[in-house]
Each structure stands twice: as C-alpha cells, then as structure tokens.
Amino acid sequence: MSVWAELPLGKNLRDRRFQALAAALGLAGLAIVVPPLPLTRSGVSVLAVVDITGSMNVRDYTRDGRPASRLDIAKAALRDLLPELPCGSRLALALFTERRPFLLFAPIEVCADFAPLDGAIAALDWRMAWEGDSRVASGLHRAVAMAGELDTDLLFITDGQETPPLPANGIPPFEGRPGAVRGLIVGAGGHALAPIPKFNDRGRETGFYAETDVQQENRFGPPPADAESREGYNPRNAPFGGAAARGEEHLSSVREPHLKALAAQTGLAYAHLDGPDSLRAPLLAAATPRPLPGRLDPRPFLGAAALALVLASFLAGARRARLTPFTPSRMS
C-alpha cells in the first residue's frame, strides 16, 4: 500500500460520502452558471367549435354516476384537453347554431391564458343559441373556412343531427378544397335513440319533444325517389305525397354515418366522443404539428440532483454511525 493512500487526504478521496458531497458541490456550481438551453417542441393551433343546439341537451352520457348531456361532456372534454396541450399551443373558441359558427375569440396561448380559456368553455350554454335550426353541414363548411382564415386546424364537436332534416338530394356541396384545413370532427352522443329535452321561454325543462313538434322531412327541393308510391302523390300539387311526414327526428342519436360522410367531403378526420378524456389522442393525430420555440432550464434538475446527493451522504453517515458498535475506553 502506498504512503499516499495512508494520508488523511487520500482516505477522504476514497470515501463515498466525500465523493458524493464533492459531486453535489460541482452540480450546485453548474446550477449557478449553466444558462437555459434552446428547445423546440411541437404544439397545435386549433379552432374549437361547439354545437349548442337543442339535441346537444340529450342526456345520454354518465358522469360521476349521474346522467350528463352531450354539451356537458363536450365542455368537460375541452377543459380536460387544455392542460394536455404543450405550452405555446393556441386555441380559438366558437359556438355553432343555426347554419354558421360564431367566433368568441381568436387563438390565444393555452398556458398563459388558461384561466380565461377554461372559464369561457365552462360558460358555454344552449341558451346562447340565436336560432333553433341545426344545419350541421352548412355550419361545418363555414367553420372550415373560418379555420382557414385564422390559420388554425379545426375541432368541430356535434351530434350531427340536422334540423330540419337534409333534403332528398343530400349533403350540400363543399366549395372549399378538401384537406386544405386539417382537423377533426367529433361525434357527440350515444348510438341509441334518446328523447330531446324541451324547454319553455324561461329556460325551464317541460318534458320532451313529440313527433308532431319536430319537422320530420325536408320538403324543399326535388322529392325523394319513393315519392310516386306515396298516398296522395301528385307531381304538381303534392310531389311529396298528401300525408303528413312520419319519422324519428324528435329522437336523437349521434349521426355517425352523416358525420363520416362530412369528414370525407372536407378532408377532416372523425372520432367519437367517448368521454371527457377522449379528445387528446385523436386531435393530436389529426392536427398539424407546429414547431414551438422554447427553452429548457436545467438549473432545477441540477439543484435537485445536488440536494439528493447531500441527503444521501448524510443518511449514509447516520446509518454507519448507528451500525458501528460502541467500544468503551479502558482506564489505565
């Protein structure tokens, strides 16, 4: 054994506690002098459009053991989505009723403006609707154009129920370029038909819509293919037949085939709203990744590592002292 190893300094250098404290001192020094590091992350910029028409009041979801409306779950999903988005991402909010979206505010940053964003989403209410119609296809087409003007992707949440129903010739033509705006159509609601709550002028629920309360067929434009077989049909005076239309438009379910057809028409993706936590994955898969310049500050990590080494060395010393047997000194 060398003389150097027998010196006190040599013993200290070989001591694990000394090495840990020396490393902690080095990390603490680095925490003082190391600058933040440049970092580029991927975020999104999204226009979220929420359907607030009457059928979105259907309570065919469950939350915390209680029935919840489609609108309630859509709002909860958006509020849960906000903290899941990377800082630097931006969100605009609009509501849909009648045949067009109404922009509440332009895109704002989801972290710096989290409180107003969360509050605005929580305040969305079906009473904000200015008309009772729900022309979903027309509203979606205009929402796509609005997202293009804002340079954002689109998140359109709706149950897809057209009120009045679409005419016999089907979906209106899309005047934009499919795929020019990326995004996601989210179908809200269960797959089974459910009654639509009915409210009076004071906003109090009074029951459910009946068959005679709702337009069951759109009789504008050309008649359907089976018109000639209907009772009372007359090509001039009764091209849709002479009897009142019957149907299930007073009941509601997510109109998934219709929404998938709209997604194919506009170049958007489609996903079903399974619950409050089901938006993040399909949205990030459908949205455009946008580089977000940022910084990573390593100083908290370096300081935490230094503190951990100091604590570990003191705990090791205390354990060693507890395990060392006491040897009484002998009197000469």
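Helices (H or I, at least four residues) and strands (E, at least two) are DSSP runs, numbered from the N terminus. This tour uses those names throughout. The model is predicted, so local features need pLDDT of at least 70 and side-chain atom pairs count only at pLDDT 80 or more, whereas totals for chains, interfaces and linings use all residues. Residues are numbered from 1 along each chain as its sequence is written, and side-chain values use heavy atoms, with hydrogens and water left out.

**The whole chain**

Begin with the entire chain selected. It holds nine helices and 14 strands. Of its 332 residues, 38% are buried, where buried means under 20% relative accessible area, exposed over 50%, and partly exposed in between (1.4 Å probe, protein chains only). The accessible surface comes to about 18800 Å², and carbon and sulfur atoms hold 57% of it; such areas come from the Shrake-Rupley method with a 1.4 Å probe, and for residues only the protein chains shown count as cover. Among contacts with a separation of 6 or more, 76% join residues 24 or more positions apart. A contact means heavy atoms within 4.5 Å.

**The loop at D64**

Select D64, in the loop between β3 (61–63) and β4 (66–68). Its phi is positive, about 55°, although D64 is not a glycine. Most residues other than glycine have a negative phi. With 74% relative accessibility, D64 counts as exposed.

Next, select residues 114–122, which form helix α5, and colour L117, D118 and I121, which are buried.

Move on to A123, in the loop between α5 and α6 (136–150). A123 is partly exposed, at 45% relative accessibility.

Select D151, in the loop between α6 and β7. D151 has a positive phi of about 60° and is not a glycine. Its relative accessible area is 54%, so D151 is exposed.

Then select T163 and P164. The peptide bond from T163 to P164 is cis, with omega near 0°. Most peptide bonds are trans. P164 belongs to the loop between β7 (153–158) and β8 (183–187).

**The pockets**

On a 1 Å grid over the protein atoms alone, a pocket is an open set of points with protein on both sides within 12 Å along at least five of seven lines, and lining residues have an atom within 4 Å of a point. Grid points are joined across faces, edges and corners, and a volume is the space filled by probe spheres set on the points.

The largest pocket contains about 490 Å³ of space. Select T53, G54, S55, G132 and Y209, which are the closest to its centre of the 25 lining residues. The lining of the largest pocket has eight nonpolar, ten polar and seven charged residues. Here Ala, Val, Leu, Ile, Met, Phe, Trp, Tyr, Cys and Pro count as nonpolar, Asp, Glu, Lys and Arg as charged, and the others, Gly among them, as polar.

The second largest pocket has a volume of about 240 Å³. Finally, select H141, R142, F174, E175 and G176, the closest to its centre of the 13 residues in the lining.

Conventions
1 Å grid on protein atoms, 1.4 Å probe; cavity = no way out; pocket = protein on both sides within 12 Å on 5 of 7 lines; lining within 4 Å.
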